[in-house]
Amino acid sequence: MAVKPSVARVYSGFARGTDCIITELEVSVTPGIPTFSVIGLCDSSIRESHGRILTALRSSGFNMPKGHVTISISPAYMKKSGSGFDLAMAIGILFASGQIPYDPKRKLYAEGELSLDGSVKGTPGAALRLNKAGREGFSYILIPEEERDSARCTGFEGQCVKDLAEACSVFGFAGYNPEKLLLVEDTAGQDGSPDISMLKGQEKTKRAIILSAAGFHNMLLLGSPGSGKTMAAKILSGILPPLDASETGDVYALYEALEGPSTRISSERPVRCISPEITSGQLLGNTISMTPGEMALANHGVLFADEIMEFPSQILELMRKPLEEREVRLFRNGITYTYPADLIFIGAGNPCKCGMFYEPGSRCRCSAGMRKRYLTKLSGPFLERIDIFSEMRSIGKDDMALMYAGIESAESPKIKEKIARCWVSQHERYGGKTFNSNIASADLADSMRLSKQILSYCSELASKGMFSARGYQKTLRLARTIADYEGRTDVIKSDVAEAAVFRAHEL
């Protein structure tokens with residue numbers, strides 16, 4: 001039964017990192033001199049909501065009640081920001097003042113910024129908030145029409161409203177009319193990557209690209225200028241299967257939190273490129289605004305570092321832990337904010353200062369000492385995070401002519417289908433969206449179906465100084481990917497031998 005409450009309760013939420021905190025708004029209207037007070041460790045964007053709410057109420061045919069209006073937003077110990085609480089506060093005021101009927105047994109979640117004319121606008125981070133709100137069992141969920149795409153990515157059930165009057169009509173003559181908002185992917189703009197057949201005369205690198213995509217393995221390409229390193233990275237992004245619905249929602253939520261509701265929904269995997277001028281804040285995230293960095297924005301996709309030898313050593317070292325744990329952690333005021341960073345890292349650079357070390361005919365002008373000093377930017381611990389190493393040389397004149405003569409038959413689509421099947425076999429084996437590159441190492445042999453003979457053979461290679469204990473694991477993971485890509489249930493010795501070739505390097 002509808003009543004005029006002493007305290008009305010409504011709910012809203014705010015994003016913290018990639019999580020959402022559901023908040024309870026308690027609204028009280030008591031007799032006295034008209035005042036408006038918002039408490040609960042709120043920033044200026046929330047405290048300044050009085051003017052927006054007052055004018056929006058009048059524009060929508062309601063009144064700001066006379067007396068003390070007090071709004072408490074809990075949990076009070078967490079700092080809150082953003083104008084997305086406007087709609088919830090306005091409806092709570094109307095509940096508490098008896099202007100619209102209130103049923104305390106039915107919980108309402110509402111979010112959106114109010115314009116002075118009463119219209120409701122979306123705010124950044126909607127997909128992160130709605131993903132949580134949709135699982136909380138609210139009786140009503142009201143969101144701005146502008147956040148429809150965000151809601152589609154979370155697949156939740158609620159009602160989109162254009163203005164405050166429409167939101168309030170839910171509790172009167174119009175009733176609550178929720179709709180199940182489902183994802184409809186927009187695939188425009190895909191298939192713009194070069195075909196893998198364009199990479200002429202680089203058979204080892206072509207194989208490396210395929211294996212990197214097949215098992216989500218990090219890769220380092222070293223070669224002379226103009227050998228096709230950047231093209232190889234573009235080709236890899238083109239043979240990755242599209243995002244599934246869950247991954248599309250993850251990617252959209254992160255970009256929408258950064259760019260706002262105008263972000264386009266796409267099943268295309270993100271590709272982020274970083275240069276040597278990048279700062280730690282741009283790479284990992286800003287600890288002041290808590291905005292994600294390039295590693296988080298490349299989640300479910302590719303992070304490409306061109307001219308990696310020119311990167312400052314401290315920047316490369318900052319990547320070590322995220323590449324290992326596949327997440328980025330930021331710390332602020334004693335709170336840890338975690339952003340997923342499950343990505344393929346591709347580094348590309350020259351093998352020496354002049355870049356000609358791999359070229360035939362003694363074209364390199366660098367001494368052994370010069371080359372050693374040049375390569376010291378890549379520390380041993382950083383290189384341990386790389387699964388695949390491949391050298392690249394200049395393209396011969398015959399291959400160069402073929403490269404620009406046109407593609408007789410595209411190879412990438414068939415490889416892409418084969419990689420998709422490879423992913424399915426990995427997900428079925430591990431019981432989730434896990435790849436060979438990031439499966440837990442505790443039970444590596446059992447989970448990857450590795451026989452004692454294979455483990456023994458790989459141990460023999462390790463004992464000859466080919467790789468370390470971590471390299472031993474990475475060799476087995478890569479061997480498992482080779483077997484999966486070739487459609488074999490079990491790993492054989494040739495898979496381990498090929499993996500060892502891709503693990504070998506001179507750095």
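Helices H7 and H17 cross with a right-handed sense; a crossing counts as right-handed if the near helix is turned clockwise from the far one by less than a right angle, and as left-handed if anticlockwise. The contact uses Ile210, Ala213, Ala214 and Gly215 of H7. From H17 come Ile415, Ile419, Cys422, Trp423 and Gln426. Contact here means heavy atoms within 4.5 Å. By class, seven of these residues are nonpolar, two are polar and none is charged. Gly counts as polar in this scheme, while Ala, Ile, Cys and Trp count as nonpolar.

This is a predicted model, in which local features need pLDDT of at least 70, side-chain atom pairs count only at pLDDT 80 or more, and totals for chains, interfaces and linings use all residues. Residues are numbered from 1 along each chain as its sequence is written, and side-chain values use heavy atoms, without hydrogens or water.

Helices (H or I, at least four residues) and strands (E, at least two) are DSSP runs, numbered from the N terminus.

Now look at strand S13, residues 302-306. Four of its five residues are buried, meaning under 20% relative accessible area with a 1.4 Å probe, protein chains only.

Which strands pair with S13? One is S12, residues 271-274, which runs parallel to S13 and is joined to it by four bridges. Another is S16, residues 344-349, also parallel, with five bridges to S13. Two strands pair if DSSP finds at least two bridges between them.

Arg272 stands opposite Leu303. In S16, the bridge partner of Leu303 is Phe345.

How values were computed
Buried < 20%, exposed > 50% of the residue type's maximum accessible area, 1.4 Å probe, protein only.
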